[in-house]
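Colleague: I would like to learn how to read a few features of a model. Please take them one at a time.

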Amino acid sequence: MSRRCELTGIGPMVGHNVSHSNIKTKRRFLPALSPASLQSDSLGQTFKLRISNAALRTLDFKGGLDVFLLGAKDEQLSPRALKIKAQVKAKAKAAAATAVAA
């Protein structure tokens, strides 16, 4: 399993450890990933995704998983998140069609 957030695409970064004598050695800065169960309002399902803590705060700020996925770029999302996004889009399209018919 890669160390990459499934919603934002954030992955490891590279930098230096710098000692007191200014010797630089390579190191990796890993993202703070945690497994999270996220509720989709439109689908009525819970999905387990491995996301960064910053993405969890962003989901809370934006108003939930559905709103975040509809506004996210496809290049950032993982294949699992893309499937969820397709389901949410289809459900929203069906709801709009029934609202127009009524």
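Modeller: Start with a hairpin turn. In this predicted model, the hairpin of S3 and S4 has 4 residues between the strands, and Gly44 takes a positive phi near 70 degrees there.

Colleague: How many bridges join strand S3 to strand S4?

Modeller: Strands pair if at least two bridges are found between them. Here S3, residues 33–40, and S4, residues 45–52, are joined by 8 bridges and run antiparallel.

Colleague: Which elements does the protein have, and in what order do they run from the N terminus?

Modeller: There are 4 strands and 3 helices. From the N terminus the order is β-β-β-β-α-α-α.

Colleague: What is the radius of gyration, and what would a compact globule have?

Modeller: The radius is read against a rule for globules of a given residue number. For 102 residues a compact globule would have a value near 13 Å, whereas this protein has 18 Å. The C-alpha trace spans about 75 × 25 × 20 Å along the principal axes. Of the 102 residues, 28% are buried, and the accessible surface is about 7,100 Å², with 57% of that area belonging to carbon and sulfur atoms.

Colleague: What sits over the ring of Phe29?

Modeller: A charge counts as over a ring when it is within 6 Å of the centre and within 35 degrees of the normal. The charged end of Arg27 sits over the Phe29 ring, 3.9 Å from the ring centre.

Colleague: How many aromatic pairs does the structure hold?

Modeller: The count of aromatic pairs is 0.

Terms used
Residues are numbered from 1 along each chain as its sequence is written. This is a predicted model: local features need pLDDT of at least 70, side-chain atom pairs count only at pLDDT 80 or more; totals for chains, interfaces and linings use all residues. Side-chain values use heavy atoms; hydrogens and water are left out. Rings of Phe, Tyr and Trp (its six-membered ring) pair if their centres lie within 6.5 Å; planes under 30 degrees apart count as stacked, over 60 as edge-to-face and the rest as tilted. Helices (H or I, at least four residues) and strands (E, at least two) are DSSP runs, numbered from the N terminus. The radius of gyration is taken over C-alpha atoms; the globule rule is 2.2 Å times the number of residues to the power 0.38. Buried means under 20% relative accessible area, exposed over 50%, partly exposed in between (1.4 Å probe, protein chains only). Accessible areas come from the Shrake-Rupley method with a 1.4 Å probe; for residues, only the protein chains shown count as cover.
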